[in-house]
Amino acid sequence: MLQHLATPDSPPSPDDLIEALRALLAGYLLTEDERQNLQQRLRAHPACSAACTARVPQRRKLLPAGHQRRPGRGVGRRERFRCLRTGEETTMRNRLAALVVVIGAVVPIGLGVGTAGAAPGESEQVTASVMSTQRNADGTVTQTTYTPAEGVRPADLARKLTANGVQGVALVNGAGDVSAQVAACSYGTARTWPTGTTCFSRWSYNGWARPQMYFRDRSNSLWPVGRAVTKWNETSGIDSHYRTFSAGCPSSTVHCVIVYNAAYGKTGEWDGVVGMTKRTLNAAQTYTTGAYIALNESYGGTEAQRWNTACHEIGHVLGLDHNTSTASCMYYSRTSQRYPNANDFTLLETYY
Ligand SMILES: [Zn+2]
């Protein structure tokens with residue numbers, strides 16, 4: 001998003017602005033350079049008149065006038081302020097929502113006033129990923145991503161997983177989207193996860209022209225895993241092959257990923273979860289060394305929804321994070337979209 005905004009010779013597109021606002025709302029963790037750049041770009045926008053008052057606030061100057069911070073009373077978006085005049089309390093979240101309405105007013109009507117004015121919770125859903133990360137005894141890292149069923153908010157899912165005893169749960173949300181690191185790890189609406197050290201953890205080539213992925217399907221025929229794999233194989237950087245589970249793994253130089261399915265239920269780690277991808281990364285988090293997918297039968301679903309989940313989890317295996325567009329199967333929650341979008345392919349091709 002900020003890559004686009006930072007291009008000096010073109011005005012930001014309305015989409016860029018909306019993206020920026022969402023990111024701002026979700027995280028408000030802009031660096032000073034990013035903040036100034038965004039402010040400048042907003043003012044330069046044709047829709048922004050000379051009288052435009054759009055301001056991108058400094059993170060530490062978001063304190064509303066006439067208010068006092070309440071130290072220790074919530075952090076981040078839950079941080080509280082008290083009005084010195086009325087004694088009423090407000091939160092950072094409300095403050096940001098008001099701010100976005102102000103900025104949203106300078107974005108042309110029809111380009112997503114609803115989006116720009118969306119409540120923080122809604123914008124959070126667009127980019128958030130629910131992940132758990134564990135450092136194993138041998139130094140490797142296991143990352144699990146959870147795909148929420150429709151209507152399940154990532155923040156709620158993260159809370160439930162933690163309450164259910166899952167260790168190391170984190171909500172990777174829009175705050176990450178505005179860091180310079182993540183800007184470099186995105187293309188259009190598509191995203192990759194920044195790990196501790198890199199934008200992307202690769203599968204090794206092992207002497208092949210492209211990494212060879214074999215998805216060994218152990219799910220039942222309701223799940224269109226083969227068709228999902230075939231679509232991902234259209235990306236030119238990494239080869240995805242479909243294989244029945246019983247056919248085994250063809251070689252030690254290829255990567256075999258088992259796709260399981262079962263009625264895992266709707267409790268514990270599966271509360272609100274339709275699909276899960278577990279990846280193991282090397283200690284430096286530069287390579288993915290193993291993965292498997294589990295598809296949950298317990299939430300049922302149409303063929304398109306199951307296809308969507310299969311497509312989504314395979315995308316995570318290949319190394320992608322969520323796509324902010326519902327036109328991609330990498331949208332954060334289950335939809336009926338069966339395919340990745342062009343941004344997903346382009347992003348993979350920049351890394352392979
Ligand atoms: Zn996901």
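Is strand S12 largely enclosed by the rest of the structure or exposed, and how many of the 9 residues of S12 are buried?

## Basis

This is a predicted model, in which local features need pLDDT of at least 70 and side-chain atom pairs count only at pLDDT 80 or more, while totals for chains, interfaces and linings use all residues. Residue numbers start from 1 along each chain as its sequence is written.

In S12 (residues 273-281), 7 of the 9 residues are buried, so the strand is largely enclosed by the rest of the structure. A residue is buried if 20 or more other C-beta atoms, placed from the backbone, lie within 10 Å of its own, exposed if 12 or fewer, and partly exposed in between. Strands (E, at least two residues) and helices (H or I, at least four) are DSSP runs numbered from the N terminus.

S12 pairs with strand S5 (residues 141-148) in the antiparallel sense over 8 bridges; pairing requires at least two DSSP bridges. In S12, Gly275 stands opposite Thr147. Strand S13 (residues 288-296) also runs antiparallel to S12, joined by 7 bridges, and Thr288 in S13 faces Leu281. The hairpin of S12 and S13 has 6 residues between the strands, and Gln285 there takes a positive phi near 60 degrees.

Gly319, with a positive phi near 125 degrees, follows H11.

Arg338 lies in the loop between H11 and helix H12 (342-351). Arg338 counts as partly exposed because it has 18 C-beta neighbours inside 10 Å.
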